[in-house]
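Please have the sequence and the 3D view at hand as you read.

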Amino acid sequence: MTATDEVDFTGVKWGSVEWTNLVTLYLRAYESRSERPILGDRAAAEAVDRIHYDFQRIHRTSLPASNQYLVALRAKQLDGWCADFLRRNPDAVVLHLGCGLDGRAFRVAAPPSVAWFDIDQPAVIELRRRLYDDTERYRMIGSSVTDPEWLDQIPTGRPTLVVAEGLLMYLTEQQVRQLLRRLTDRFDCGEMHFDTLSALAPLLSKVFTRGIIKWGIRDARELQTWNPRLRLLEQSPALAGYQKIESTAVRWMYRLTCATPGGKYDVLNRFAF
C-alpha cells in the first residue's frame with residue numbers, strides 16, 4: 001500500500017486544511033519515537049521521513065511535547081474499537097471519513113478480506129496518493145463526505161464500519177443529520193465510531209478560531225432520537241488513558257483537565273446500527 005520515494009509537499013500552504021493534516025501526521029510521528037509510545041504510529045513516522053517539508057517550523061508551532069498525546073490517545077481508543085469490530089466481522093467494509101493523512105488502514109491489523117475505503121476532500125486525497133497506492137482491498141476516494149454520490153462506489157450487503165475522527169464538528173447540524181441518515185439507509189448493519197465536541201464548541205470557535213467549528217452536542221445519546229437505527233454502545237473521553245503518558249508534568253496536566261468539565265469537551269462515541 002505504501003510507496004518508498006521521497007515526496008515534495010513544499011507547495012502545501014501554511015494554515016490550509018492540507019497543512020492541518022500535516023501537523024497531525026507530524027504529531028503522531030513524533031509520539032511514535034517516544035520511549036513508551038501510546039499509539040506508536042510507525043506508518044506516520046515513515047511518511048514524515050519521506051515528505052520534503054519544513055517540519056521544523058511545524059515543530060516550533062505545534063507544541064508536540066503536550067499535543068502529541070491529544071492525537072495519540074484519541075486515535076488509540078478508536079483503533080481499539082475498530083480492531084474489535086474487525087475481529088468479529090472479518091468480511092467488513094470500512095469507511096474512514098475525513099481520513100486526512102492518517103494511516104489507520106495500516107495501523108489496524110485488518111483481515112485480508114476487509115475492503116477499506118479512505119474518503120476525504122480531493123486536495124487531501126491528492127496528497128495521500130503521493131504516499132500510498134490503491135490496492136485490491138484498499139481504495140482512496142476524493143470527495144466531500146456530504147456529497148451523496150461517493151457512496152455509489154461502496155459495496156453493500158456486508159457489515160460496515162464507519163470511522164470519523166475529528167470530522168463531524170466541522171459540519172453543520174443539518175449536514176451531520178443527513179450524513180448519518182444516508183449511511184444507515186444504505187448499509188444493513190455495522191458500527192459508527194466518531195468524536196463529538198461540547199455544545200459550547202461552536203460558540204468558543206467564533207471567539208478563538210474564526211468559527212471553523214460548526215456543530216457541538218451536549219450528549220451524543222441525543223443522536224438516537226435523530227436516527228432510531230443508531231444505538232449507543234459506549235462513550236469515552238478523548239483524554240481517557242492519560243495515565244499512560246510518560247511525562248509526569250503532562251500526565252498531571254491531563255489528569256487535572258479530566259477532573260474538570262474540560263475533560264468532557266471531546267468525547268468518543270461508539271454506535272451500532
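The report below goes from the sheet to the helices, and then to a few single residues.

Please keep in mind that this is a predicted model.

**The sheet**

Let us begin with the strands. An open sheet is built from seven of them, in the order β5-β4-β3-β6-β7-β9-β8, and the pairing is mixed. Its edge strands are β5 (138-142) and β8 (231-237), each of which pairs on one side only. From one strand to the next, the twist averages 20°.

Within the sheet, β3 (residues 93-97) runs parallel to β6 (residues 160-164), and five bridges link this pair.

**Two helices**

Helix α4 (residues 64-88) lies across several strands: β3, β4 (115-120), β6, β7 (190-197), β8 and β9 (266-272). Relative to β9, helix α4 runs at about 10°.

Helix α1 covers residues 17-32, and its length makes sense: at 1.5 Å a residue its 16 residues should span 22 Å, and the end C-alpha atoms are 23 Å apart, which agrees. How many of the 16 residues of α1 are buried? The count is 12, so α1 is mostly covered. Among the buried residues of α1 are Trp19, Leu22, Tyr26 and Arg28. The buried residues of this helix pack against α2 (42-50), β2 (51-52), α3 (55-62), α4, α5 (104-107) and α6 (122-131).

For cysteine 82, the nearest cysteine sulfur is that of cysteine 99, 13 Å away, whereas a disulfide needs two sulfur atoms within 2.5 Å. Cysteine 82 is also buried, with a relative accessible area of 0%. Cysteine 189 is in no disulfide either, and its nearest cysteine sulfur, that of cysteine 82, is 15 Å away. With 35% relative accessibility, cysteine 189 counts as partly exposed.

| Residue | Relative accessibility | Class |
|---|---|---|
| Threonine 196 | 4% | buried |
| Phenylalanine 117 | 6% | buried |
| Alanine 110 | 17% | buried |

Threonine 196 sits in strand β7. Which side chain makes a polar contact with that of threonine 196? The partner is asparagine 269, at 3.0 Å. Other residues that threonine 196 touches include Met169, Trp215, Ile217 and Tyr265.

Phenylalanine 117 belongs to strand β4. Its contacts include Val93, Val94, Leu95 and His96, as well as Arg139, Ile141 and Pro155. Asparagine 89 lies 28 residues from phenylalanine 117 in sequence, and their C-alpha atoms are 16 Å apart in space.

Alanine 110 is found in the loop between α5 and β4. Why does alanine 110 count as buried? Its relative accessibility is 17%, and buried means under 20%. Leaving aside residues up to four places away in sequence, alanine 110 touches Leu86 and Arg137. Alanine 83 is 27 residues from alanine 110 in sequence, while the two C-alpha atoms are 7.2 Å apart.

Methods
Residues are numbered from 1 along each chain as its sequence is written. This is a predicted model: local features need pLDDT of at least 70, side-chain atom pairs count only at pLDDT 80 or more; totals for chains, interfaces and linings use all residues. Side-chain values use heavy atoms; hydrogens and water are left out. Two strands pair if DSSP finds at least two bridges between them. Helices (H or I, at least four residues) and strands (E, at least two) are DSSP runs, numbered from the N terminus. Axes are lines fitted to C-alpha atoms, for helices over the stretch in contact, and angles run from 0 to 180 degrees between N-to-C directions. Contact means heavy atoms within 4.5 Å. Buried means under 20% relative accessible area, exposed over 50%, partly exposed in between (1.4 Å probe, protein chains only). A polar contact is a pair of N or O atoms within 3.5 Å; within protein, one must be able to donate a hydrogen and the other to accept it, and residues adjacent in sequence count only if both atoms are side-chain atoms. The expected span of a helix is 1.5 Å times one less than its number of residues.
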